[in-house]
Amino acid sequence: MNLAKIQWSQYRNGAEISGYFEEMMEHGAQVYIKNVDVEFYLLAVDDLLLPLTKTNGNPFNSYVVSPFSHYVSYAIEELRELQQPLLEHCLKSVLQCLGLFLKWGKIDKVVMVNNWLLSTNLYEMITEQQVKEMTLFLQKRFPQETIMFRSLASSLHPRLISSLHEQQAIFVPSRSIYLFYPEKFSQISKKKRKTIRRDQRFLQKSGYWVDDKVSPIEMERVLELYNQLYLKKYSYFNPQFTLKYLQNAYERNLLGFRTLKRGNRIDGVVGFITCNGVMTTPLLGYDTTMSRKVGLYRLCSMIQTEQSLQTGLLLHRSAGAGNFKRNRGAVNEVEYSSIIVSHLPIGRRIAWKTLAFLLNRIGVPLLKKFEL
């Protein structure tokens with residue numbers, strides 16, 4: 001692909017795509033994200049550009065490009081959240097067996113549509129006709145790959161989901177997410193509003209101040225905080241951003257940064273991305289070595305809530321910390337990945353259908369039972 005020949009200005013999101021992907025497409029994703037091994041493509045749909053990733057089957061790939069990492073490797077690590085040792089042991093055995101089956105079914109032979117290599121992919125408006133045309137095209141262009149759309153939620157993407165149903169897509173549960181609707185703030189319970197206001201006072205009295213400027217030296221601290229939380233505490237299957245990724249995102253205003261500072265020291269950071277009236281925070285970090293009494297996660301959460309209330313943007317709060325988010329007015333929903341496999345051999349279709357069946361019958365009920 002000759003990137004120099006692309007007329008970026010012809011597309012409504014051309015500047016964002018160019019700033020985010022051009023260097024990765026020229027030099028490889030590892031320039032920005034260490035554990036992403038993919039081939040990049042751009043799909044032009046009228047005045048919209050959609051980034052595509054074709055996974056290369058690297059077993060250490062982040063879950064943002066690898067269904068196997070998402071549904072098996074990362075899932076095994078997350079079993080500890082159940083806090084039920086016997087159940088964890090049983091489910092680990094089930095996942096390991098499932099992993100062998102999914103490897104046979106070549107689950108990682110996949111092309112992901114609109115993949116920004118983040119925990120949550122936000123979507124521009126896409127019409128039913130555009131969905132039909134792009135899926136037919138992609139099935140012909142990639143006859144050996146599963147076609148996948150990640151990060152779909154019924155309340156956020158009803159038209160897109162309906163359009164994909166028309167294309168005989170299979171919907172595979174991916175995780176339990178939390179959505180905060182700022183326009184419904186006055187409708188949530190009095191107790192939850194009081195909790196949010198208490199968090200506001202906690203931030204005001206914390207001794208921290210919020211800054212949206214980050215120097216190159218401070219960006220090293222930002223990366224350190226993200227790594228402490230998402231890699232060392234949670235999983236190395238999360239995206240392993242490089243300093244170059246963060247600096248590029250900051251300089252091109254692809255992410256909005258907010259840091260928690262006490263004096264000149266940064267102890268927490270939140271990075272926002274917005275699209276089509278929705279905001280999410282793929283970048284979050286804080287100093288995990290500090291006492292929990294300092295409340296750094298609570299402070300970072302309040303930054304997100306205030307940003308949502310001030311801008312009116314729906315806040316996609318991603319997964320995890322379910323009770324904390326529910327107590328602050330967030331609504332729980334199951335997120336799905338849409339899978340198009342009708343063009344693939346029967347064995348590979350069976351692998352995906354089996355995964356969808358198991359997750360809908362076992363995975364989703366467990367998420368609801370343990371309020372994950």
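The side chain of Gln-228 reaches out to the backbone nitrogen of Thr-288, at 2.8 Å. Keep in mind that this is a predicted model. Where does Gln-228 sit? You'll find Gln-228 in helix H7, which covers residues 216-234. Is Gln-228 buried or exposed? Its relative accessible area is 9%, and the cut-off for buried is under 20%, so Gln-228 counts as buried.

Who are its neighbours? Leaving aside residues up to four places away in sequence, Gln-228 touches Arg-221, Lys-233, Tyr-286, Asp-287, Thr-288 and Thr-289.

Now let's hop over to strand S3, residues 110-113. In a regular strand, side chains alternate between the two faces of the sheet. In S3, Val-110 and Met-112 are on one side, Val-111 and Val-113 are on the other, and all of these are buried, leaving both faces covered.

| Strand paired with S3 | Residues | Sense | Bridges |
|---|---|---|---|
| S2 | residues 48-55 | antiparallel | three bridges |
| S4 | residues 146-152 | parallel | four bridges |

To get from S3 to S4, the chain passes through helix H4 (residues 128-141), making a right-handed β-α-β crossover.

Definitions and conventions. Residues are numbered from 1 along each chain as its sequence is written. This is a predicted model: local features need pLDDT of at least 70, side-chain atom pairs count only at pLDDT 80 or more; totals for chains, interfaces and linings use all residues. Side-chain values use heavy atoms; hydrogens and water are left out. Helices (H or I, at least four residues) and strands (E, at least two) are DSSP runs, numbered from the N terminus. Buried means under 20% relative accessible area, exposed over 50%, partly exposed in between (1.4 Å probe, protein chains only). A polar contact is a pair of N or O atoms within 3.5 Å; within protein, one must be able to donate a hydrogen and the other to accept it, and residues adjacent in sequence count only if both atoms are side-chain atoms. Contact means heavy atoms within 4.5 Å. Two strands pair if DSSP finds at least two bridges between them. A crossover is right-handed if, with the strands pointing away from the viewer, the path from the first strand over the helix to the second runs clockwise.
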